[in-house]
Amino acid sequence: MIDRTMIDRTVTDRTTTDQAMTDRTSHLELEQHDKTFLDSNELIINMGPQHPATHGVLRVILKLDGEKVLGTECVIGYLHRGVEKIAEHRTYSMFNPYVDRMDYVAAVSNGLGYCEAVEKLLNVEAPPRARYIRVILTELNRLASHMLWLGTHALDIGAITPLFYTFRDREEVLKIFEKYCGARLTTHAFRIGGCLYETYEGFEREVKKFLDFVTPKINEYEELLTTNRIWVERTKGVGKISAKECVALGVTGPVLRASGVKWDLRKAQPYAAYADFDFEIPTGQNGDTYDRYLVRMQEMRQSLRIIDQAVGKIPEGPIIAKVPKVMKPAVGEIYHSIEAPKGELGYFIVSDGSTQPYRVRVRPPSFVNLQALDMMVRGALVADVIAVIGTLDIVLGEVDR
Amino acid sequence: MLDYITSYLKSDTTPGQAGNLLWALIYILLIFLGLSVAVIAMNWLERKILAHMQVRLGPMRVGPHGLLQPIADALKLLIKEDIMPAAADPWVFWMAPILVVITAFTVFIVVPFGPTHAVTDMNIGVLFMLGVSSLSVLGIVMAGWASNSHYPLMGALRSSAQMVSYEIAMGLAVVSAVLMTSLNQTGTGTLSMIGIVQAQQAQHIWFVFKFFPLGLIAFGIFAIAMVAETNRAPFDLPEAESELTAGFHTEYSGFRWSLFFLAEYSAMIAVSSIAVTLWLGGWMRPFPTWLSGETWDLVFSLIPGLTFLLLAAIAFLGVIRMPKHPYFRVQTIGLAGFGAVLGLIGLILLLPPVRDRIQDIFWFSAKVALSMYMYIWYRGTFPRYRFDQLMRVGWKVLLPLGIGVLILTAMAGVWL
Amino acid sequence: MQPVATTFFFYFLAGLTVLSGVLVITRKNPVHSALALIVALLGQAALYLMLYAPFVAGVQIILYAGGIMVLFLFVIMLVNIERSQREEQFNKQWIEGIAAAITLGALFVLVFAKSKSLFPDRAIPMPEGSNTQQVAVLLYGNYMFAFEIASLLLLVAIIGAVVMAKKRI
Amino acid sequence: MAPIGTLHYLVVAAALFVLGVIGVLTRRNVVIVLMSIELILNAVNLNLVAFSRIWGLHGQIFAIFVITDAAAEAAVGLGILIAFFRNKETVNVDEVDLLKW
């Protein structure tokens, strides 16, 4: 058995924030709510959990002075299902489908992270063919996730049309998923040790076709938004976050890259087959909503590039490594993280030598990124809160787990 | 009695000026009916056009191509439970939608659909329209306050600030158009809606093109301000769905909500009619001087009928493209019937006696319809402004521009 | 245009206006008072129309009902009315107030009764059709100076209001 | 019923004026006091417009000036009200008893 305090210490070490941050993220004083509009600390508004723009069931308590935001407090947990606790009562392979339900718009990435973490724990390596398939599907999923983000983000800011464009194109990704593994959203595409399914007949051709189809579509979104005056005004300079603050808060993913840090786990610690491919890490300079938008658009293009390279040269061979039917990893712990569409998705798995994990802790990118919300919207207007929630690209299934 | 009825037909003024109450009532009834039909049609058209802009089909289930959808929606709204929040102020909560609807419909008293096709012609026509339509902000403020809830209150505050701000720019643009009615030092200007169109007729120019580009700029200011005034995208902050859930009508449901809906669309039609009257030549057909003469008159008078025939043809095309399955039989027959009605209307409009009478109304409605299409287009294209940006546009762009245009128009009017 | 049912409309509008005036000063809730005042103002605008003063009526609607009253409602919403509603609504000088008002009213009645000759029951012909033009000629002719002063007054009012209401300038 | 003459309008105006005076003198709420002042100004306006039926358009011009004045008065009055409310958290006139705070 493992000493529990050791685990707790490890977990808390990773989530400790910079000491300088603490005063800026202090909690609201919610007691004095009988004062009126005119005094400075005034109106308290509950945004959510039932609200069209909080992406599910996020509840943000806003402290407003007129339209100006004095502070926010996120209340989370409305979608809590205890995924991490469930893991302690499932075998390693039984828990695999559960991770799909966390970030349900990027289920493939979640599965990839979990499978690779357990593989590391078991000391097996997926065969190259499986790793290529994993890369292709994960990058397709990144596209789908970014498309969903773009549609909902634009909808939050008031442009209703991009939503339908992105959903039209995301549908094509989902069709490929469906053909590959039978599911569209919560795919459960990968298994520990590789993939369960061989690519279907014409998989490569269809992916190629999809690439040709989607490249002009991304230009179409950019045409609609990138130089749109209102869009630029609504996003430029909104929700600024500097590189230093990002690092201090543990913010990762496009949000970190938009503030100028060239940090992508696909390059920093290549997993799957990413070391074989040539792609760039798009970065921004200002760390505002507009830069995050541009970074994500660029990332979509880079994903297309990766898929294009991967799909031509999927190696032949087995798709799954030799993995025992009953998995009993040696006593120990492992932390493995991947670059999910929303940021660093980490799995910390502790094994006590039995068939079930002793503890699984997920480091969900949305949850950590959401911490930055309060800092980013202080002093902004109500409409900016909506824009910033959109630009953080949170999925409540992942935040609440 | 019969004399009383027929005497008006011989006169060439509006029933209000002729003092003929009966015909005034008939006109009011006609406008009310026409407006209701227009709002229903707008509802369907907006959903269809927006849907086709967004690569989807829009309503397709109720009736052929969803033609009966607005009626189904209206029925649903009427029989829905009417919820009033417990902490609401019942009186004000009740009065708000009624006030909004009344103001939205009252402005149509002075809208000139033709030289004599208006309920009445007021000496202060434009002032009356602006004034009464500015009363609708009271209804919105009342609705927001009476709901006794935070989101509606914020929506009401936003809308009152927004509408009061844009009214100023709107007023300046209107004044510069009114200045154009007095031409060449001699004539006196007019605020009467019919008088303004007649001035355009007499000067052989639509005011958009007068003192180019002054008229165009003034029209542009008005076109922006009127979108803000009717709380439509990209200025739909008072009911910004993603921010304030539904703004001032968050707490409204059922019948009272449908009154807000009705008022919004009729207000859109109302401000569009002001724009059409002031700048786009009201009931005049396009190119009245350039393409003048008997032949062109005939050609242009055929257009209303031909438009309806074209719509009928589109409907019949839809009939042909309908799937040949027994399940779609009712829909096919319905669409064919709809096309037949449109075709019949088109044929009636081609008859010479009808043709001459209906022309003014047709051109006016066509121009208003164009403006309504622009509304839908904006909604499909633009993101929403933020509140400070909205205020900046209103006060720092439109207002100085309006004052500049006004001064330049006055100078041009004196010296040109 | 022949006026229709002048007597009925006059009594109807006058009754509406005065009744709304009573409501303005008796309602507990300032929002209700403001709404009553709007009704009174609109009734008065209609009375102006009956007096063949359409331009003043239009200005009354657009400025008073559409502008000033929106400002009032805006401010009422900003200040906390719930607490002020619970408080005593009338101050202690209501006896003096009513007395003063009655005296004033009596004075008016007296003046009206005594000096009927001051306002003979005649009406100079005022063509409604050109009212706006005539007002314009007077406003920009005889009263030009007053007009400019009024604009200055408004400027002063704008600055004053901003200075008063802004938290930090 | 007698035809409607100037006197009728003057009586309505007098009634409104008296109501306004009662409101100003007896109400505690500043907002309602301001609204009563508007009522008084309107009574004057009605008088002016009624007299303009007899003496010509000058009364209407004066009424327009009064409306302008009312707008200025409302803006400044409400500005003072907001400043007052922010400092004292009350809208009662009889608590305005300090010249400076």
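## Gln93(C) and its contacts

Beyond its neighbours within four places in sequence, Gln93(C) is in contact with Leu25(D) and Thr26(D). The model is a predicted one. Gln93(C) sits in a loop of chain C, between α4 (81–86) and α5 (94–114).

Gln93(C) has 13 C-beta neighbours inside 10 Å. A residue is exposed at 12 or fewer and buried at 20 or more, so Gln93(C) counts as partly exposed. Met144(C) lies 51 residues away from Gln93(C) in sequence. In space, the C-alpha atoms of Gln93(C) and Met144(C) are 43 Å apart.

## The side of chain C that touches chain D

Chain C brings 73 residues into contact with 63 residues of chain D. Six helices of chain C each give two or more residues to this side: α1 (6–26), α2 (30–50), α3 (54–78), α5, α6 (131–140) and α7 (144–165). The most comes from α3(C), with 13 residues. By class, the side of chain C that touches chain D holds 52 nonpolar residues, 16 polar and five charged.

Five pairs of chains touch, and the pair of chains C and D has the most contacts among them. Chains B and D do not touch. The nearest C-alpha atoms of chains B and D are 14 Å apart.

## Nonpolar cores

The largest nonpolar core has 312 residues. Within this core, Ala225(B) and Met69(C) touch the most other members. Domain 1 (1–86) and domain 2 (129–169) of chain C both give residues to the core, so it lies between them. A second, separate core has seven residues, including Ala312(B), Leu335(B), Phe338(B) and Leu342(B).

What does Ala225(B) contact, leaving aside its neighbours within four places in sequence? Its partners are Tyr166(B), Ala169(B), Met170(B), Ala173(B) and Leu398(B).

## Chain A and its helix α6

Chain A has 401 residues, of which 51% count as buried. The chain contains 16 helices and eight strands. Take the contacts in chain A between residues at least 6 apart in sequence: 70% of them join residues at least 24 apart.

Helix α6 of chain A runs over residues 161–181, 21 residues in all. At 1.5 Å a residue, α6(A) should span 30 Å. The end C-alpha atoms of α6(A) are 31 Å apart, which agrees. Its buried residues are Thr161(A), Pro162(A), Thr166(A), Asp169(A), Arg170(A), Val173(A), Ile176(A), Phe177(A) and Tyr180(A). Within chain A, these buried residues pack against α5 (128–157) and α7 (203–225). They also pack against α3 (21–53) and α14 (352–381) of chain B. After α6(A) comes Gly182(A). The phi of Gly182(A) is positive, near 90 degrees.

## Confidence

The model scores ipTM 0.78 and pTM 0.84. Chain C averages a pLDDT of 79, and 79% of the residues score at least 70. Among the elements of chain C, α2(C) has the highest mean pLDDT, at 88. The lowest mean belongs to α4(C), at 59.

Key
Residues numbered from 1 in each chain as written. Chains lettered and ligands numbered in written order. Predicted model: local features only at pLDDT ≥ 70, side-chain atom pairs only at ≥ 80, totals over all residues. Core = buried A, V, L, I, M, F, W, Y, C linked by C-beta atoms within 7 Å. Domains from an automatic or database assignment. Contact = placed C-beta atoms within 7 Å. Helix = DSSP H or I, 4+ residues; strand = E, 2+ residues; numbered from the N terminus. Nonpolar A, V, L, I, M, F, W, Y, C, P; charged D, E, K, R; others polar. pLDDT = per-residue confidence, 0-100. Expected span 1.5 Å × (residues − 1).
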